[in-house]
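Me: Could you walk me through this one? I have a few quick questions.

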Amino acid sequence: MPLRLLRFALSRRHPEPRMFTERDKLGKTYDVVIIGGGGHGLAAAYYLAKNHGITNVCVLEKNYLGGGNTGRNTTIVRSNYLTPEGVAFYDRSLKLFEDLSQDFDLNLFYSTRGHFTLAHTDSAMRTMRWRAEVNKHLGIESEVVGRDFIKRMVPEMDLECSGHSPIQGALYHKPGAVARHDAVAWGYGRGADMRGVEIFQKTEVTGIDVENGKVKGVGTSRGYISTRKVLCAVAGSTPRITKMVGIRTPIVIQPLQACVTEPIKPWLDTIIVSGSLHVYVSQSDRGELVMGASVDPYEIHSTRSTLDFTEGLCAHMLDMFPFLSNTKVNRQWAGMADMTPDFAPIMGKTPIEGFYIDAGWGTWGFKATPVSGETMSHTVANDVDHELIHTFRLSRFKELDLTGEKGAASVGH
Amino acid sequence: MKLLTCPINGTRPLQEFTWGGEYRVMPDPDQVSDEEWADYVFNRNGAPGIKKEWWHHTASGIWFIAERDTERDVVLRTYLYSGKDE
């Protein structure tokens, strides 16, 4: 038996450094309070400390780190969006992702796979050409490919899809990637912790103190904190927090479900998305097929799963990959997606001084983790919206200046 | 299978229905400012709770009201819209 194991058995305290410091006591005052210990909140904490030198910061998490939508998505990272603002924003995120393992000294298993968005109809092909041209114009590797190319790259796929919705072509995005999602939260959490940020799990926000339109403090299940700046990064719980400060938003919560199969021999090294069949799928390093579809069709504030979802998803998976008929689904779960009417996030300053929002991440939040942390930390530190997120400001709705980011969600429209 | 009760057609599978969003009173567009109108068009009460919602029985085209707890996803009652804003 290795001797170092004995240290673990005999020490009263854990003998190795933990990912983050477990703190007992909440401070009385912080420069910035971040609500939400998911990827976005922890990334904002990390960049506040690293880029802006603001370290008197605490992150409050109601549950455990990365246990919300950060750990519930299907881990796809891509930047082939439709609007120039969307492309610029997500491409910055992809660039940050590529260097993140080095930055953290932690293996994120960032794996560039190539991303296919399949087109089964003429109108879908038109949209793919449109997206490809926008992408190319903005310097993104993105092109329309034909059936021969798809056949060569994914020989296991039935291009006829059982005959009723044959594939005509696809939008191919070479830098499309997958990453280990909880490691992204841990990496940002550890980096922030090392720089002095305090992280509190199992700590719920019970109220936000606002006086004369300015943030004064935050009430929590561990006591009261005085602060002048609060960043709300809580995805599916956003309406509960905005209600505390009396801000109205267009956000509606709809569950997004996903599932994985049992591990099987590696055969799929690309990411496949079909808007018409409402499926996206990739194969994890463990061999599981990670699959998702569109959001559930009505508002629910819980993470329940349904059989309807698995049945519908599997039927469409079998249209594309009939040989999977004996493969079993192992696990199924849901996340609460904070949907917006224009499929774009809501980021930046709000009518309340010192209250900043990073929300409306619907089904497209994971890939934006690094860039949202970077831009929100800039916004909080300087009290000015970062130029990359101006287009995502909350006031765009009352100004009737929506973004029209239809390329946002992979499926569902 | 999840079920919902249509006031006309009785209890049917949920797949036969379409969600129409929360019941809201439309302001008179001539009487409100642009900002108030944009608030009506875009903003929603996204917080959990027992909500009064529009539902549509797709097969027969019946629109009706359901009172539903959005946290537990339990329907408390369904009834036809009275025609008067409440």
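Reply: Before we start, angles under 35 degrees count as roughly parallel, over 145 as roughly antiparallel, 65 to 115 as roughly perpendicular and the rest as oblique. This is a predicted model, in which local features need pLDDT of at least 70, side-chain atom pairs count only at pLDDT 80 or more, and totals for chains, interfaces and linings use all residues. Residues are numbered from 1 along each chain as its sequence is written, while chains are lettered from A and ligands numbered from 1 in the order in which they are written.

Me: At what angle do α2(A) and α9(A) pack?
Reply: Helix α2 (residues 39-52) of chain A and helix α9 (residues 369-382) of chain A pack at about 55 degrees, with their axes 7 Å apart, and they are therefore oblique to each other. Axes here are lines fitted to C-alpha atoms, for helices over the stretch in contact, and angles run from 0 to 180 degrees between N-to-C directions; helices are DSSP runs (H or I, at least four residues), as are strands (E, at least two), numbered from the N terminus.

Me: And which residues of α2(A) meet α9(A)?
Reply: Among them are Ala43(A), Tyr47(A) and Asn51(A), and the α9(A) side includes Gly373(A), Met376(A) and Val380(A).

Me: Switching topic, how many helices and strands does chain A have?
Reply: Chain A has 9 helices and 20 strands, and its C-alpha trace spans about 65 × 65 × 40 Å along its principal axes.

Me: What about chain B, how many of its residues are in contact with chain A?
Reply: 13 residues of chain B are in contact with 20 residues of chain A, where contact means C-beta atoms, placed from the backbone, within 7 Å. Helix α1 (residues 34-42) of chain B gives the most to that side of chain B, with 4 residues.

Technical notes: Contact = placed C-beta atoms within 7 Å.
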